[in-house]
Amino acid sequence: MKGENTIIQIDLKDTPFPYLPKDIAWVKIKPSSKIKNVVPYALQAMKDHSQILVSGSGAGVTKVLSCVEILKRSLTNAQQTTKVAYEK
């Protein structure tokens, strides 16, 4: 039997960013998410909030990276902080 992927739901306090504002926009990307649907949602969230957290796990990590690169090209003065967390 092959290994099994388990997706664990995390809360904002469980992220590797200790000092996030409570009104942050959090975009959670799943492996089944389509980038063409996530990017417009994230751009709208950036208009409503000053910061956005884009996260994903497992097979969704590559989609997170692609989405963030598209967002950086779309926004003029965006800054990026990247942190990777591993849980066994």
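User: Which residues does S33 touch, leaving out those up to four places away in sequence?

Analyst: A contact means heavy atoms within 4.5 Å. With residues up to four places away in sequence left out, S33 touches V38 and K63. This is a predicted model, in which local features need pLDDT of at least 70 and side-chain atom pairs count only at pLDDT 80 or more, while totals for chains, interfaces and linings use all residues. Residues are numbered from 1 along each chain as its sequence is written, and side-chain values use heavy atoms, with hydrogens and water left out.

User: Where is S33 placed?

Analyst: Helices (H or I, at least four residues) and strands (E, at least two) are DSSP runs, numbered from the N terminus. S33 sits in the loop between β1 (25–29) and α1 (35–48). The order of elements from the N terminus is β-α-β-α, with two helices and two strands in the chain.

User: Is S33 buried or exposed?

Analyst: Buried means under 20% relative accessible area, exposed over 50%, and partly exposed in between (1.4 Å probe, protein chains only). S33 counts as buried because its relative accessibility is 17%. Of the 88 residues of the chain, 23% count as buried.

User: What does the side chain of S33 reach at 3.0 Å?

Analyst: A polar contact is a pair of N or O atoms within 3.5 Å; within protein, one must be able to donate a hydrogen and the other to accept it, and residues adjacent in sequence count only if both atoms are side-chain atoms. For S33, the side chain reaches the backbone nitrogen of K30. Another polar contact, of 2.8 Å, joins the side chains of S55 and W26. S55 belongs to strand β2 (residues 52–56).

User: Which residues make up the largest nonpolar core?

Analyst: In soluble globular proteins, nonpolar side chains tend to be buried together. A nonpolar core is a set of buried Ala, Val, Leu, Ile, Met, Phe, Trp, Tyr and Cys residues joined through side-chain atoms within 4.5 Å. Here the largest one has 10 residues: V27, I29, V38, V39, A42, V54, V64, C67, V68 and L71. At least two residues of this core come from each of β1, α1 and α2 (61–74), and α2 gives the largest share, four residues.

User: What does V27 touch, not counting residues up to four places away in sequence?

Analyst: The contacts of V27 are with V38, Y41, A42, I52, L53, V54 and S55.
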